[in-house]
Each structure stands twice: as C-alpha cells, then as structure tokens.
Amino acid sequence: MPAGLNRALFTVAGAAVAIVLAIAICSVAIVAAGADPLAAFAAFFDFGASARSQSNGIAAFLNRAVPLFIAGLAVAVGFRMNLFNIGVEGQYRLAAICAAYVGSTFTAPKPIQIAVIILVAAVVGGLYALIPAVMKVTRGVNEVISTIMLNYIALSLTSYLVRGPFTGQRAEGELTTTTPDLPESAMFPNLNFFFDWFGMLPPTRGGGVWGFLLVAVVLGLVVWVVLERTRFGFDVKASGLNGPAALASGVNPRTMVIAAMVMSGAIAGLIGLPEILGDRGAFNSNFTPGLGFLGIAVALLGRNKPVGIAIAALLFAFLDRAQGALQIADVPPSVITIMQGVIVLLVVVANEVTNRLALRVEERRAARQLGGNSPVEVGA
C-alpha cells in the first residue's frame, strides 16, 4: 500500500474513533446533567417542523460555518510557520469596525463598494498582525504573549470607536451602539436561489444564506494554492520546521515570520464581513464575539488543511445551530461546548497517535526493502 494512502487511512480511522469517543463522553455528561442522551442527539438533527423553519435552520447552519472557516484559515497560515496567532480575535473585530465605517462614508457601484470594504478589512487585519511579527523578529517577543495582549487593546479600542468617533445615529430607547448603516450597494447578494433549485422555501431570517460563502470558497482555494503549490508556501513551511536550515538554503526566516503573520492577519480581517455585508449592514456593540478563538479549534481539527478546515467548520456550525433545539429538549446548551472541546482534544491526540503509527509502518517497510536488497542476500 502506498505510504500516502496508508497515512490517509490512519488519519480517517483516528478521526472516526475520536468522534465515537467524543459522543460516548458527551453522553455521560448529558446523563450527569439529568437529560436523555438520545433526545439530545436527536435535537442536533432537528431543523424544525415547518418547511420555513427548516430553510431558516439550514441558512443559519451555513452562515455560522462561513466565518468559522475563514477564522480557521487565518490560524492555519500561522500554524504552517509554527506561529500561534492568538490575536485573530482582536484582528477581525478591529478590521470589521474599520471596514464598516469606511464603507458607510461613500457610495459606489456594488462591485467597487464591496471590493473597497474587503480591501480595508484585509489591510487593517494585516497591519495589526504586523505588530507582533515585528516584535518577534526584532526583540524575540513570543507571539502568543504579544497577540493576547493586543487582543485586549483591540477589543477596548473597538468599544471606544463604536461608542465614539465611529458611532452612528441610535434610535431612542435602543441600548446597542452601532456604526452608520452601510448603503444598499455594500450589501452582498444572498444565495437564497439555491433553495428554489431544490423546491424549498427561501429563508427569512438573518438575510438568508450569505453570499460571502462564495468569497470564502475562493479564499480557501487561494490559500491552498499559495501554501501547497508555490515557492512561498514551501519557504513558509521550511522556515517553520527549521529556521537555520532554511536560512542556509537562502530563505530568510525573519521575512517569512512577517509574511506569514501579515497574511494570517489579512485573512482574519475578513472574518466579520459575512455578518456585516450579509445581514447587519453595520458593526454594533453586540457583534458576534469568540470567532477568533474558535478558529484555533477549527484549524486544529482540520489539521491546517483548507479541506479539513471546511469540514471542521461545518461540524462546529452544525453543533452551534442546535442550541435552540437542545433547550426545547431540556438539554443544557453547555453540552455543545463540552462536545466541541472533547472532539478537538481527542482528534488532536488521535492525529498524534496515527502519525506515529503511520511513521512506524513506513519505517518497517523501508527496513524490509533495505534488507531485501542487501549485498549479502543478493550474493546468496
């Protein structure tokens, strides 16, 4: 059996075992919470009784997966360089409010308006990620510490901007503050026509299926090509595995650190745009938090590969969508958090075990091949 196929089979088997164990462990947690595990797992597949509620559930599921996928890509780029960009949380929130404000200050044809907003978000996210990168290559500051600290700065700065210079008009009695509304030309077209193709009712909540899904797919393809099929991707991986060896071969690890962090931050800057351009039309003080931290789990679960990250994002979105159904079934929503954490932990452990098993099998195969071609045996 080829080594690549052998390793792939080990990976799939390890992931399957990890998910089965996660279900078993979560069943124990559900029983401890005084609920029925069968009712809980049935709730995960409950998209509603009516056709409209089912389409709304599917749209919510896909819409949740899009920012998680982008967050996973952002974290994965750093991981390929052995960099832990914990600052994705701050980068996407700061980029989101800047992009939303800039987009509200002018009106242009839809392609130009959306392109400018996307560009502003990517630039702000990349520039904010440049700070820890420069600190690392010039002063040796660990990127985990610097990005965590920068998260707090970004969150505080965002709170100040949405309540101060970037605030828009607020209706009387409204508690949340928001940036000025984006013009209609800034709103991304939805993908609700897919429901017509399958004879389903279009969703009515949250703006339907956000059109930014297509941007996320293209982004995933671009990241895969850049990291897997270009010299830049090879240099990033080589620098992360062995900096001195990469330097000896003509690659500057410091340059790669800066490039990888800026690329990671630029992708992170896009995380908040699906929600802004697909539903809210502005950034407000209740903007969805925690996507950056979830991106770490999604990247780990997807093994830093765009296809794996997409599957992990869909899994996390599927679990998150079931919160309402779990409450109806009298199951604590915290079960979802437990399941997500257990799945990530077990899959990471399973990946390590399967990698070692695959390596051991490859070493034995190589030893047999060398033994079979040894001069002693040939002479005999």
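This is a predicted model: local features need pLDDT of at least 70, side-chain atom pairs count only at pLDDT 80 or more; totals for chains, interfaces and linings use all residues.
Trainee: Which residues have the most contacts inside the largest nonpolar core?
Mentor: A nonpolar core is a set of buried Ala, Val, Leu, Ile, Met, Phe, Trp, Tyr and Cys residues joined through side-chain atoms within 4.5 Å, where buried means under 20% relative accessible area, exposed over 50% and partly exposed in between, with a 1.4 Å probe and protein chains only. The largest such core has 89 residues, and those with the most contacts inside it are Phe44, Ile70, Ile267 and Leu277.

Trainee: Which helix gives the largest share of this core?
Mentor: Helices here are DSSP runs of H or I with at least four residues, numbered from the N terminus. The largest share of the core amounts to 13 residues, and it comes from residues 51–80, which form helix H3.

Trainee: Which residues does Phe44 touch, apart from those up to four places away in sequence?
Mentor: Contact means heavy atoms within 4.5 Å. By that criterion, and with residues up to four places away left out, Phe44 touches Phe318, Leu319, Arg321, Ala322, Leu326, Ile336 and Met339.

Trainee: How are H13 and H14 oriented to each other?
Mentor: Axes are lines fitted to C-alpha atoms, for helices over the stretch in contact, with angles from 0 to 180 degrees between N-to-C directions. The axes of H13 (residues 291–301) and H14 (residues 306–321) come within 8 Å and cross at roughly 125°. Angles under 35 degrees count as roughly parallel, over 145 as roughly antiparallel, 65 to 115 as roughly perpendicular and the rest as oblique, and H13 and H14 are therefore oblique.

Trainee: By class, which residues make up the contact of H13 with H14?
Mentor: H13 contributes Leu294, Ala297, Val298, Ala299 and Leu301, and H14 contributes Ile309, Ala312, Ala313, Leu315 and Phe316. Ala, Val, Leu, Ile, Met, Phe, Trp, Tyr, Cys and Pro count as nonpolar, Asp, Glu, Lys and Arg as charged, and the others, Gly among them, as polar. The contact of H13 with H14 accordingly has no polar and no charged residues, and its nonpolar residues number 10.

Trainee: How many charged residues are in the contact of H3 with H14?
Mentor: The axes of H3 and H14 come within 7 Å and cross at roughly 135°, which makes H3 oblique to H14. Residues in the contact include Arg64 of H3 together with Asp320 and Arg321 of H14. By class, the contact has 14 nonpolar and 2 polar residues, and its charged residues number 3.

Trainee: Why is H12 described as largely enclosed, and which residues of H12 are buried?
Mentor: H12 has 6 of its 8 residues buried, so it is largely enclosed by the rest of the structure. What covers these buried residues includes H3, H4 (88–104), H5 (110–139) and H8 (212–229). The buried residues of H12 are Leu273, Pro274, Glu275, Ile276, Leu277 and Gly278.

Trainee: Where is Thr288, and which residues is it in contact with beyond four places in sequence?
Mentor: Thr288 is found in the loop between H12 (273–280) and H13. From Lys136 it is 152 residues apart in sequence and 30 Å apart in space, C-alpha to C-alpha. Leaving aside neighbours within four places in sequence, Thr288 is in contact with Arg64, Tyr92, Arg93, Glu275 and Arg280.

Trainee: What is the phi of Arg303, in the loop between H13 and H14?
Mentor: H13 is mostly covered, with 9 of its 11 residues buried, whereas Arg303, at 30% relative accessibility, counts as partly exposed. Most residues other than glycine have a negative phi. Arg303 is a residue other than glycine with a positive phi, near 55°.

Definitions and conventions:
Residues are numbered from 1 along each chain as its sequence is written. Side-chain values use heavy atoms; hydrogens and water are left out. Helices (H or I, at least four residues) and strands (E, at least two) are DSSP runs, numbered from the N terminus.
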